[in-house]
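Dear colleague,

Please find below the structure that I am handing over to you.

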Amino acid sequence: MEITTRPAITVSEPDLERLEALLAGLPATQPGADALRKELDRAVIVRPEAMPPDVVTMNSRVRFVVEPAGREVEVTLRYPQDLTGAPDELSVVASAGVAVLGLAVGQQIEWLTPAGDTVRARIVDILRQPEQAGDSPL
């Protein structure tokens with residue numbers, strides 16, 4: 001996955017630590033791992049209590065629009081080991097998961113699929129964010 005637009009992203013300290021541990025345990029050839037590393041390297045890192053309420057964090061329930069299909073998607077962003085198989089879960093190492101992590105409502109990001117097609121995701125709403133719900137370790 002090659003990201004073609006790079007809007008500013010924000011990641012919490014605990015999410016960064018957990019994601020770095022996840023990446024350390026993944027093979028370098030794992031799809032999405034390199035893209036996730038690159039996104040984390042450019043992220044603004046904040047304490048959980050300073051996380052803006054309109055930012056996609058791990059375990060957030062988020063609604064976004066995928067273009068060019070114009071399809072609206074509502075999912076919970078999950079760590080791969082936390083996936084239950086529910087259709088409304090999105091792994092953070094999947095292309096769309098890497099893309100939406102750290103984005104704020106109204107932001108969009110584009111990436112190239114392996115077939116060379118451009119896909120764009122625009123964040124519409126954060127329905128639940130653990131940091132705002134008080135579920136995130138401080």
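The notes below begin with the nonpolar core and then turn to the salt bridges.

Please keep in mind throughout that this is a predicted model.

**Nonpolar core**

The largest nonpolar core comprises 36 residues. Within it, the residues with the most contacts are Leu19, Leu36, Phe64, Val92 and Leu101. Both helices and strands supply this core: α1 (13-24), α2 (33-42) and α3 (95-100) each give two or more residues, as do β4 (61-67), β5 (71-78), β7 (108-112) and β8 (118-128).

Leaving aside residues up to four places away in sequence, Val92 touches Leu19, Leu22, Leu36, Met58, Leu77, Arg78, Tyr79, Pro80, Gly97, Val98 and Leu101. Leu19, Leu36 and Leu101 in that list are also among the residues with the most contacts inside the core.

**Salt bridges**

Side chains of opposite charge can pair when their charged atoms come close. A search of the whole structure finds 12 salt bridges; three of them are described here.

The pair Asp34 and Lys38 forms a salt bridge with an N to O distance of 3.3 Å. Both residues lie in helix α2, and because they are four residues apart, about one helical turn separates them. Asp34 has a relative accessible area of 42%, so it is partly exposed. Lys38, with a relative accessible area of 44%, is likewise partly exposed.

A second salt bridge brings together the side chains of Asp88 and Arg61, at 3.0 Å from N to O. This pair links distant parts of the chain, 27 residues apart: Asp88 is in the loop between β5 and β6 (89-91), whereas Arg61 is in strand β4. How do the two partners stand with regard to burial, buried or exposed in part? Asp88 is partly exposed, with a relative accessible area of 31%, while Arg61 is buried, at 18%. The cut-off for buried is under 20% relative accessible area.

Arg120 counts as partly exposed, with a relative accessibility of 27%.

Finally, salt bridges that share partners join Arg61, Arg63, Glu72, Glu74, Asp88 and Asp125 into one network.

With kind regards

Key. Residues are numbered from 1 along each chain as its sequence is written. This is a predicted model: local features need pLDDT of at least 70, side-chain atom pairs count only at pLDDT 80 or more; totals for chains, interfaces and linings use all residues. Side-chain values use heavy atoms; hydrogens and water are left out. A nonpolar core is a set of buried Ala, Val, Leu, Ile, Met, Phe, Trp, Tyr and Cys residues joined through side-chain atoms within 4.5 Å. Buried means under 20% relative accessible area, exposed over 50%, partly exposed in between (1.4 Å probe, protein chains only). Contact means heavy atoms within 4.5 Å. A salt bridge is a side-chain nitrogen of Lys or Arg within 4 Å of a carboxyl oxygen of Asp or Glu.
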